[in-house]
Amino acid sequence: MPRKEQGWVTFQTSEEERKILEEFCGQSQRTKTEILRELVRGLNQHSSPSNLLPSINTEEEDIYAQMPEIEISFQKKPLKVSSRNILKGVVKRVVTGAVNSEVTLEIVHKVELTSIITRVSVEELDLSEGKEAYAVIKSNDIVIARE
């Protein structure tokens, strides 16, 4: 079946534009298709096409200066873990140290699990009191995760 009938969109880009897209894909760990779909869906949020596209200009710098900034939000894929013991809870306490932090989750009333994880992990997971998180239990370790 021809690409056009499958819903394919193709377009020409410069080598520099391809490099920018590939670098962005690598940094965000998403495919070109995912990035471009998100961009296209983001176009719906703008009220009129005239506000979105720059006027025709021969100088490339002027074109890019006139383009509005489009914020692309990336929806993360659901967390998949090989461990079978995954318990949802609420962060009850975070004790932050210089390198490691102690995170306590309340799974159900008066049932708590505590894990020592890096301070950086606490920051990256945005763990703080009252937020939902998961205790992922594998062997002797409890790993903290968040959607």
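The following exercises, each with a worked solution, concern a predicted model of a protein chain.

Residues are numbered from 1 along each chain as its sequence is written. In this predicted model, local features need a pLDDT of at least 70, side-chain atom pairs count only at pLDDT 80 or more, totals for chains, interfaces and linings use all residues, and side-chain values use heavy atoms, without hydrogens and water.

**Exercise 1. Determine where confidence is lowest and where it is highest in the protein chain.**

Step 1. pLDDT is the predictor's confidence in each residue, from 0 to 100. The chain averages 76, and 69% of the residues score at least 70.

Step 2. Helices (H or I, at least four residues) and strands (E, at least two) are DSSP runs, numbered from the N terminus. Confidence is lowest in helix α5 (residues 60-66), with a mean of 48, and highest in β2, at 93.

Step 3. Over residues 54-67 the pLDDT is below 50, and this stretch has 9 contacts (heavy atoms within 4.5 Å) in the model beyond near neighbours in sequence. Where pLDDT is low, predicted coordinates should not be read in detail.

**Exercise 2. Describe how strand β2 is joined to β1 and to β3.**

Step 1. Two strands pair if DSSP finds at least two bridges between them. Strands β1 (residues 85-96) and β2 (residues 100-108) run antiparallel and are joined by 6 bridges. Their hairpin has 3 residues between the strands, and V94 stands opposite V103 in β2.

Step 2. Between β2 and β3 (residues 111-118), also an antiparallel pair, there are 8 bridges. Here L105 stands opposite L113 in β3. This hairpin has 2 residues between its strands, and K110 in the turn has a positive phi of about 70°.

**Exercise 3. Characterise the packing of helix α2 against helix α3.**

Step 1. The axes, lines fitted to C-alpha atoms over the stretch in contact, with angles from 0 to 180 degrees between N-to-C directions, belong to α2 (residues 15-28) and α3 (residues 32-43); they come within 9 Å and cross at roughly 100°. The helices are therefore roughly perpendicular (65 to 115 degrees).

Step 2. From α2, the contact involves L21, E22, F24, C25 and S28; from α3, K32, I35 and L36.

Terms used: Parallel < 35°, antiparallel > 145°, perpendicular 65-115°, else oblique.
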